[in-house]
Amino acid sequence: MGSVSDAEKKPAVIFVLGGPGSGKGTQCANVVEHFGYTHLSAGDLLRAEIKSGSENGTMIQNMIKEGKIVPSEVTIKLLQKAMQESGNDKFLIDGFPRNEENRAAFEAVTKIEPAFVLFFNCPEEEMEKRILSRNQGREDDNIETIRKRFNVFLESSLPVVEYYDSKGKVRKVDAAKSVEEVFEAVKAIFTPKEEKVIAA
């Protein structure tokens with residue numbers, strides 16, 4: 001019947017952004033469970049590609065070793081492949097786009113604009129507290145490193161948030177609250193308006 005339009009139907013993509021320790025991973029897992037999204041983490045896909053020992057993986061590993069940033073196209077191709085292989089049509093893309101160049105490349109390559117950006121807004125002190133208490137022993141989790149990671153996030157990712165905000169596509173969540181409270185706010189964002197009326 002409507003098979004032609006189905007083929008052209010673009011997947012729904014939601015970018016999930018938030019600094020280190022903002023609780024993105026936990027909340028993504030909740031959304032997957034409650035709303036049937038597929039969670040794709042750019043970092044996990046890059047790590048899996050390196051592990052696979054493919055030519056592509058070796059190239060990625062060498063770039064990371066040399067402190068270079070993996071080209072947007074490489075990450076986008078991995079995301080596209082994962083989207084096709086998942087069999088799903090709605091995705092949470094976590095930790096990407098990390099900067100303006102990533103964002104522009106994603107839209108240019110995939111021709112997909114995100115439905116919206118889920119932004120976990122968390123003050124630096126709260127993030128520091130969480131990371132330090134959660135990871136006794138992860139060597140990249142000392143205060144200096146955390147502050148560096150936070151600053152990198154602010155400098156590179158916030159322009160992405162601001163770009164989508166200007167298009168009215170950012171849904172901000174106060175991530176400093178408890179996991180349960182944060183998920184209540186997230187649930188409200190993902191629940192269609194009609195359902196809310198019925199529930200009330």
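I began with Ser22, which sits in the loop between strand 1 and helix 2 (24-35); helices (H or I, at least four residues) and strands (E, at least two) are DSSP runs, numbered from the N terminus. The model is a predicted one, in which local features need pLDDT of at least 70 and side-chain atom pairs count only at pLDDT 80 or more, while totals for chains, interfaces and linings use all residues. Residues are numbered from 1 along each chain as its sequence is written, and side-chain values use heavy atoms, with hydrogens and water left out.

Is Ser22 buried or exposed? I find Ser22 buried, at a relative accessible area of 3%, where buried means under 20% and exposed over 50%, with partly exposed in between (1.4 Å probe, protein chains only). Leaving aside neighbours within four places in sequence, I listed Phe120, Cys122, Met127, Arg130 and Ala175 as its contacts (heavy atoms within 4.5 Å).

I turned next to the largest nonpolar core, which has 22 residues; such a core is a set of buried Ala, Val, Leu, Ile, Met, Phe, Trp, Tyr and Cys residues joined through side-chain atoms within 4.5 Å. Val13, Phe15, Met83, Ile93, Phe96 and Phe106 touch the most other members. Among the elements that each supply at least two residues of this core are strand 1 (12-18), helix 5 (72-86) and helix 6 (100-110). Another core, of 19 residues, lies apart from it and includes Phe120 and Cys122.

Last, I looked at helix 6, where Asn102, Arg103, Ala105, Phe106, Glu107 and Thr110 are buried, and the buried residues of helix 6 pack against strand 1, helix 5, strand 3 and helix 8. After helix 6 comes Lys111, with a positive phi near 60 degrees.
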